Amino acid sequence: MSEKSKPYELHLERVYDASVNQLWAAWTDPEQLALWWGPRGFSLTTHGRELKPGGLWHYTMHGPDGTDYENKTLYLEVESHSRLVYDHGGNDERKPLFRVIVQFSESDGKAKMNMIMTLPTAEAAAQTRVHIQKVGGHATWDRLGEHLEARASGADIFLINRTFQALPASVFAQWITSEQLARWLPPVGAKMEFLKADIREGGQALARMRYADGTTLFSKSIYEVIRPHTLLRYTQGFCDEQGQATRFALEPRWPQSMSTTVIFAPEGNGATRVTVRWDLDKNATAEERAVFTSARGGMTLGWTGSFDKLEAELAASSR
């Protein structure tokens, strides 16, 4: 989330490979909401819902630790396929925490979601921003994208977004410079070294990853598309030291190869939103697909740790 104007507002924008009709349905059909609403690991039970001005959506969020969170959302405006305004975070014992305005639109065959969260004060907005990041609330919108893709094509994908306070050119450079990539990309506690780094369209990179427990893994990336400051696409998979494809030693059922797409989109005030998408190889087995989808929570944690390091690298380079 990035601030674009008022200090007591939080802004969020997402673009999905879906129609506005599909996006609206995902937001308004209780059966679909149950498949994506909330951070990873949470589930949802709807007790009642009236999608109209003055109507309530009464639901319970079930946390992965078994904690239940009661919510009653009050709808203030409902414009079909276009706009929702509601008070969020309240229940019978607690006043709403903030007001939300969501605008839905479509352009070039893609659906856009623009959200404004209005808090009582700038301090409350800052606290909410920190809380959302701490509990993984951003993953809600990644789960929405995965859900829309699954309904549209049946494909199992993984999505994660992060906004960085740096221009697209600066963020992009961190992805195509091997020395920088090795500093922030590996999971927390691991060290990465490139044995080969030919980062160009048609080029390949071979990397060695060493973990604290002594485990050593090798991976190979083949770069397919590089559009400066806007897009990267490459296939990746585990391999041996010579670059020959192998199975993931820690989980032999893991897919042998995946396509990674990284999109760099400018946001207000010099910020950049990075979207990472993983697509399975079309020949992935049902077992590989099941392992992949069940690991989305761990993938989110892994990328979050890497993104935290990337954020620190960008901050250091700007000083």
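Let's start with Ala245: this residue is exposed, at a relative accessible area of 65%. Exposed here means over 50% relative accessible area, buried means under 20%, and partly exposed is in between, with a 1.4 Å probe and protein chains only. Before going on, the ground rules. This is a predicted model, where local features need pLDDT of at least 70, side-chain atom pairs count only at pLDDT 80 or more, and totals for chains, interfaces and linings use all residues. Residues are numbered from 1 along each chain as its sequence is written, and side-chain values use heavy atoms, with hydrogens and water left out.

Back to Ala245. Its place is the loop between β12 and β13. Helices (H or I, at least four residues) and strands (E, at least two) are DSSP runs, numbered from the N terminus. Leaving out residues up to four places away in sequence, Ala245 touches Phe238 and Cys239. Contact means heavy atoms within 4.5 Å. Ile157 is 88 residues from Ala245 along the chain, and their C-alpha atoms are 22 Å apart.

Now the strands on either side of that loop. β12 covers residues 231-239 and runs antiparallel to β11, residues 216-227, with nine bridges between them. Strands pair if DSSP finds at least two bridges between them. Ile226 stands opposite Leu232 in β12. β11 and β12 make a hairpin with three residues between them. In the turn, His229 has a positive phi of about 75 degrees. β12 also runs antiparallel to β13, residues 258-267, through six bridges. There, Thr235 has Ser259 in β13 as its bridge partner.

Next, helix α7, residues 286-294. Which of its residues are buried? Glu288, Val291 and Phe292 are. They line one face of α7, because they fall within an arc of 100 degrees seen down the axis. That arc is taken from the directions from the helix axis to the C-beta atoms. The face turned away carries exposed Ala286 and Ser294. The buried residues of α7 pack against β8, β13, β14 and α8.

Last, the cores. A nonpolar core is a set of buried Ala, Val, Leu, Ile, Met, Phe, Trp, Tyr and Cys residues joined through side-chain atoms within 4.5 Å. The largest has 39 residues, and Trp175, Val274, Val276, Trp303 and Phe307 touch the most other members. α8 gives the most to this core, with five residues. Apart from it lies another core, of 35 residues, including Tyr16 and Ile132. As for Val274, its contacts include Ile160, Trp175 and Phe307, not counting residues up to four places away in sequence.
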